[in-house]
Each structure stands twice: as C-alpha cells, then as structure tokens.
Amino acid sequence: MKRRTIVVYAATIVLIYFAWYALSLMLGSNILPDPFRVFARGFEEIATNAFWVHVEASLLRLLAALFFAFILAVPAGLILGSNERLDRLFAPLIYLGYPIPKVVLMPVIFVLFGLGDLGKIVLITMIIFFQLLITTRDSARKIDREITYSLRSLGGGRLDFFFHVVWPVSLPGIFTSLRIGVGTAVAVLFLVESIATSEGLGFYIIDSWGRAEYATMFVGIIALSIIGIVMYEIFELLERKFCKWKSL
Amino acid sequence: MGTSGKFLALEGLGKTFQNEKESKTVLEGVDLELAFRDCLAIVGPSGCGKTTLLLAIAGLIAPTAGTITFRDGPLAAPERRIALVLQHYGLFPWKTVAANITLGARLQNIDVPEKRLRSVKKELDIEGLDHLYPAQLSGGQRQRVALARALLLSPLLLLLDEPFAAIDTVTRERLQNNLLDVFAQRRFSFIIVTHNIEEAVFLGKRIVVLDSNTRGVKAIVENPGMGGTQYRNDPVFFERTTELRGILEGLE
C-alpha cells in the first residue's frame, strides 16, 4: 500500500472516529454507542470462536461468489469483446439482463438453489457477473488495429492474440470491475445473510440489532467493512503489480 | 535462399474495402517488382493507399484483385521472412522492451542466442533498456526497439510504414542513417512508406508515387545515387527532391 493511501486511510479513520463520538454524545449512547464501547466489545468478540465462525462463513460466500463470477464473466467478456459477431449476437441478452435488479430474484434463487450457502453464493455471483462481464467486454473492445497487425506480422495466431493482447489489454478493466464488485458483493452478502441463516456477519449484525446489543452490532458492521476494504486493497495491489505499464 | 527468381512482384493489385453501406476502392492495377537487397520508397498524398499496399505485402490484408508473389510463391498470409515496422511502432505497451524485442522469435519458436540478441541491441543502441516499458522510452528509442524486433527475425524483406513520422528532425536523420547502415551490413530488401519527400529520396533506390485519383502508380523515380549518409548534401539529392515534389504537386 502506498504511503499516501495509508495516510488517507488513517485520516479518514480519525475523522469517522470523532464524528461518531460527537454523534453518540448527541443521540445518546443506547442508540449509537460511543466508539470506545464498540472497540472494547470488539476485543471481547474477537477472542471468541463464535465470532470467527461468522467471519469465516461470510468470507467463504464472498470469495466463492467472486471466484465463480470471475471464471464465468472474464472469459465470456474477453470472447465477446474480441469477436464482433458473437458480441452482436449476445448484446440483446446482456442489455436485457444487466438492468434487471437481480436482487429481486432472491426468492426464486432460494427456491431453486436452497437457503444454504449455494443459494446465497449464486445470487451474489449473478449480481457481480454482469458488472464484470460488461467491463471485461468493453476493455477487450479497445484493442488498437495496429497492435493486431503487429502481432499477426510477428507470427501470432488466434490463441497468441488472446494471451498477448486481449488478456493484458483487459486486465486493468477487470481489476477495476473487481474492486467495484467487492463493494456490491459485500452489500448483497449482508442482505442474503440476514435471511434464513445462523452464520455470517449479516446474521451477526441483524441478530445483535434484534437483541438491542448495539455495540455488538457495530462490531459486525466494522468487521464487514474491513473485509470489503481489505479485498479492495488486494485487487488494487494486484493491479499495480500486473498492470504496471498502465500507470507509467 | 531462392532469391534468384522474382523476389517480390505485385501484378494488377487492387483493394476495395466494402461494408454494409458502401464500397471504396483504394488500389487498382498496381504492378511493382522488387529485387533482393533493393530498397523502395512509396510516396503519395494522404489516402492514396500507401499503407494498404504495405499491409497487403505484409499479408495482413487480402487484395481483392491481382497477385503478390514473394520468392516465387504466392503470398496470402503473413510470411516468416517479412517483417513489419508500423507507424506507431506496434510495440506492446504492457510488455517490457526485452519482451517486445523477443516476442516475434518467441511466437515463431525461433531460438535466439543471447549473443545475437546483444549484438542487435548494440547495433541499434538500445542496450540497458530491457526492463523499461515503451511508455518510458523516447520516440527514437521506441523506433529502434521496433526495428530490433524486426531484425531479430532475420527478415528478407523489411516493411516500414512511416517509421520516422513522429520523430524530431535530428533524431529522424540519425535513424535514417542507422537504417542505411543496417541495410549495408545485412542481406535484406526494404520498402518504406513515407509522406516525406527528402526521406523518400534518401532511402529509396526507386521511388514509387501513388495517385489517389487513379488509385495506382503515377510514376517511378529512379534514384541510383542513394546509399550514403552524405547523399543529403549531393546536388543530385536536391534534383531528385525537386523532381518528386513536382510530381506530387501535379497530383493535387
């Protein structure tokens, strides 16, 4: 992580901390517990196994959904972006599929795939899939004709074109999409974990809220936020490592 | 090497681009021949089909009429012994200089000895740039990297599409000299497409003028005096540039 990023993060945390503290004084600590109480509860919670069971369940669902969305959407996006005829053929399907709020299909997905991990993972995957597909396809479309000529004149074939041109050209867009996708995925994760489950940070937050344990609820919110931030930074780090040329 | 017959011959070459709405003929009835170790410059106004002609010779676009013969055989696809340097160098921005230079050899499964690689880099003065990306290079360096990549494949025919267009005058002249040095030391022919009259006269033993009205060859100017870096100061050089300028002005 860059030094500047660390400073920005630290400054933001300090700002949130003071704003939170001021707000808790105004609203009363029962509704909005002050940050000291939340952190004290946080330290108690991370010492328990139960807390980590929730973290593990959420992480597993999130990573599985990101993985499946990646292996389905990226190859499809690369193929569509570099093949005009296929792109034209599938364009209506994508135009129709993308704007539909997939989250409203939650009951249907749960009926089809069950209320367990599978149903939850399928729903998150579906939502990130379209984001990732469209970004990858659009990135792959941006290939300069001169680069295509250059590769062909060097003796490159169709597979080489994918490996040496389409993939590296699309990679920065894929990472951007993954970073945006993490935010969406964490939001949907919270939603799906608030229904018909007893494991996961979404459940942990809703359950604490139901029991009016607001400090514990905030511990869950912070944990889920940390997961989102860490994954966002991991993708940013990977982008800097594998797309170094882009920032020159 | 099989170069005793026709090295490169274009007969009645034509190219029409067609899409759903219209068709546009860019080249029509182009006849040209090039001998081994010959050098040809192609000039003409914008849109006269210079680059199209070069891409057809590179096997990258299929002509709609006529034939291209390379080393006594028909040419229909990119050929291993024909190398191309494009206007914007055709370097891959995501690959380092080292990866860019060796890409052609890698794609064609040619084992390039380290000694040869070093010698090409030295010849073109691009040593020490291996770990840099194209965006970190100057225009002249990029051009030399593109040329190194082409030369590493030991081409018999080198095609250059306005390779010095985006480079300042001093660097351009140095690179033109560089090209002539390489040409004198190695065994290949080259065709250079340019819009620069002086460059065409300096680098072409024959200068082909393309006409956008007839979409074919307007004139071929013989320029046997070229070949040395001092040619720029030769009165013949000025005569040729004047002659060429006259032909090009007549096309407008």
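I took a residue as buried if 20 or more other C-beta atoms lie within 10 Å of its own, as exposed if 12 or fewer do, and as partly exposed in between, with C-beta atoms placed from the backbone. The model is predicted, and local features need pLDDT of at least 70, side-chain atom pairs count only at pLDDT 80 or more, and totals for chains, interfaces and linings use all residues. Residues are numbered from 1 along each chain as its sequence is written, and chains are lettered from A and ligands numbered from 1 in the order in which they are written.

Entry 1, chain A. I looked up A:Leu62 and found this residue in helix α3 (residues 49-82) of chain A; helices (H or I, at least four residues) and strands (E, at least two) are DSSP runs, numbered from the N terminus. A:Leu62 counts as buried because it has 25 C-beta neighbours inside 10 Å. Leaving out residues up to four places away in sequence, I found A:Leu62 in contact (C-beta atoms, placed from the backbone, within 7 Å) with A:Ala185, A:Val186, A:Leu189 and A:Ile227.

Entry 2, chain B. I next examined strand β7 (residues 157-161) of chain B, where five of the five residues are buried, so the strand is largely enclosed by the rest of the structure. B:Leu157, B:Leu159 and B:Asp161 cover one side, and B:Leu158 and B:Leu160 the other.

I then checked its pairing, which requires at least two DSSP bridges between two strands. Strand β6 (residues 82-85) of chain B runs parallel to β7(B), joined by four bridges; B:Leu84 has B:Leu159 as its bridge partner. Five bridges pair β7(B) with strand β8 (residues 189-193) of chain B, also in the parallel sense.

Conventions
Contact = placed C-beta atoms within 7 Å.
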